[in-house]
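Hi,

Here is the structure I said I would pass on. My notes follow below it.

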Amino acid sequence: MAYRYALYWAPPVASPLHRLGSQWLGRDAETGAPAAQPLLPPITPERFAEITAEPRGYGFHATLKPPMRLRDGISPDDFIEAARGIVAGIKTFAAPPLKVGRIGGFLALVPAGDMAPWRALADPLVAGLDEFRAPPTAAEIEKRKKHPLSPAQDALLARWGYPYVFDEWRFHMTLSANLTSPERERVEVAALGHFAPIEGRPVTVGQACVFVQDSPGAPFTVRARLPLAA
């Protein structure tokens, strides 16, 4: 049994987006193998590895159901099969193209259009899998509250164990740590060039992924890919 489980969206392994995202972060979350990162002067390879270290650990993904520990008496198979059932009731859909954007101080791929199609996938997973979630520890709650939360986010944290779900959720695929100017602009220009091959291309969403973290601090990897309805 792994330490934590999550439902993420990750692009199909054979897709250009999977390849580009794995290269950018320096790790393939499907296999767990390192991936050669692009050379992006004037950013040194060492610095680029540093600013992508945290998202590299989580793997190239967008969060649907945030990472959680399973409560006592729940097996991984129970959790995965429940997720499979929810996902199978959602039809494959076309989402808007992705673009490089800023969220606070970090860079991410975000939708260049309506996020409603993604909400139709994320919301049922957040609600439908919550019965499997172990309550967060006091330390986990305190960690979330280190960043100021709105009253709505605080209520979501208390009810769902995470402050950024439902109306507070935003689809994003994290590309960097928090950055400041002028480094942020340099990395943004590099990201725009790196992800140019997928610019303007709608995203066909036909699956969700179970990611697992085997132990505290370990990287997340894909455990199962769950197909949406045809």
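Start with the contacts. Among those between residues at least 6 apart in sequence in the protein chain, 74% join residues at least 24 apart. Please keep in mind that this is a predicted model.

Secondary structure: the protein chain has eight helices and nine strands.

Overall dimensions: along the principal axes, the C-alpha atoms of the protein chain fill a box of roughly 50 × 40 × 35 Å. The radius of gyration is 17 Å, which agrees with the value near 17 Å that a compact globule of 230 residues would have.

Burial and surface: 48% of the 230 residues in the protein chain count as buried.

Charges: the protein chain carries 25 positive and 23 negative charges. Their mean positions lie 2 Å apart.

The largest nonpolar core has 54 residues. Which of them touch the most other members? They are L7, W24, F79, W118 and F195.

Leaving out residues up to four places away in sequence, F195 touches L17, L20, G21, W24, F60, V100, L109 and L175.

Best regards

Conventions:
Residues are numbered from 1 along each chain as its sequence is written. This is a predicted model: local features need pLDDT of at least 70, side-chain atom pairs count only at pLDDT 80 or more; totals for chains, interfaces and linings use all residues. Side-chain values use heavy atoms; hydrogens and water are left out. Helices (H or I, at least four residues) and strands (E, at least two) are DSSP runs, numbered from the N terminus. The radius of gyration is taken over C-alpha atoms; the globule rule is 2.2 Å times the number of residues to the power 0.38. Buried means under 20% relative accessible area, exposed over 50%, partly exposed in between (1.4 Å probe, protein chains only). Contact means heavy atoms within 4.5 Å. Lys and Arg count as positive and Asp and Glu as negative; His and the chain ends are not counted. The place of a charge is taken as NZ of Lys, CZ of Arg, CG of Asp or CD of Glu. A nonpolar core is a set of buried Ala, Val, Leu, Ile, Met, Phe, Trp, Tyr and Cys residues joined through side-chain atoms within 4.5 Å.
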